[in-house]
Amino acid sequence: MRALQQTTLNGPEDLHLTEVPTPTPGPGELLIRVTAAGLNYVDISQSRGTFRGGPQPPYVAGIEAAGEIVALGDGVGGPAIGTHVVGATIQGGAFAEYAVLPAQAAIPIPPGWTDAQTLGLAVSWPTALAALKPLGALQPGQTVLIHAAAGATGQTAVRLAKHYGATVIAVASAEKHEVLRTLAPDHILDSRSPTLADDILRLTNNTGVDLALESTGGPTFESTLRATKRITGRVIVSGLPAGPASITNWDLVYTHQLHLIGLNLGALIRHTPQIFAELMTELFTLITTGVLTPTNPTTYDLADGPKALTALESRTTTGKLALLP
């Protein structure tokens, strides 16, 4: 089969289209014919060797795929062959014509949706919901700060935060503000502003936000800490595309008295499966009630995977990106 294979840990430029054997599902797994594969920052982190526990080259890249089940491994009673599902696996394999998924991670495609429209259901959407609700404890009337708001996870977070009755401050680079306006956040700020923290404090009467979704890292992290409410404020850290940032116990005691919570979706699934099950139940309720509706990703041919990942890494894209085998 055709697949994109990562040959080094030097980044997406060493992702190459090649022919590899079609995988066989093992116990507890299923094989899908991939119709669309989602791009995520995890793919970039893995390609650069910065994702802890990630696969080692050469490996078929991609953690998120949607498609039709064509084979079941031992011990898998369903979903049935022919069912269209979407799912994720941290060990990769999605950027190919066929991919293996853990059966427990396979989510049936909602009625009336195309396979590509469900990309995000396994990664971006539950990440946004987890940050806002079970971890962020967002309440109506509170103010939430959402970084990278024009991305796939960020757009979902804006929609959900508005649904839950929050005042939303959405942050993205200026060229993406038109996209954000279609989501109707209460305030839009420029992520490149040198006065970002002061801008946020001004909007909150110098008290800071109740909840911050910190998915950027680097120097933005310090701005987020400065702009979060003391004592009761929560900062959910779910990504670091701009690089790592640090905070000490001295900082927490004397400068930033707030709740700092790390979010890794894989760890949440592994360590708190009950919370994840409740989260997915809520997610499907949001879908059936029309709060979350299908979105059409920007699509690329499979061969253009390196180009698409480079664009994602440069933070010039908006919304969900997908590869079509």
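## Chat about helix contacts and crossovers

User: Which helix is Q155 in?
Analyst: Q155 lies in helix α3, residues 152-163. Helices here are DSSP runs of H or I with at least four residues, strands are E runs of at least two, and both are numbered from the N terminus. This is a predicted model, where local features need pLDDT of at least 70, side-chain atom pairs count only at pLDDT 80 or more, and totals for chains, interfaces and linings use all residues. Residues are numbered from 1 along each chain as its sequence is written, and side-chain values use heavy atoms, with hydrogens and water left out.

User: Is Q155 buried or exposed?
Analyst: Q155 counts as buried because its relative accessibility is 12%; buried means under 20% relative accessible area, exposed over 50%, partly exposed in between (1.4 Å probe, protein chains only).

User: And what is Q155 in contact with?
Analyst: Leaving aside neighbours within four places in sequence, Q155 is in contact with A149, A150, V179, L183, T318 and G319. Contact means heavy atoms within 4.5 Å.

User: Switching to strands: how do β12 and β13 run?
Analyst: Parallel: four bridges join β12 (residues 211-214) to β13 (residues 234-237). Strands pair if DSSP finds at least two bridges between them. E214 has V237 of β13 as its bridge partner.

User: Which helix does the chain cross through from β12 to β13?
Analyst: Helix α6 (residues 219-226), in a right-handed β-α-β crossover. Right-handed means that, with the strands pointing away from the viewer, the path from the first strand over the helix to the second runs clockwise.
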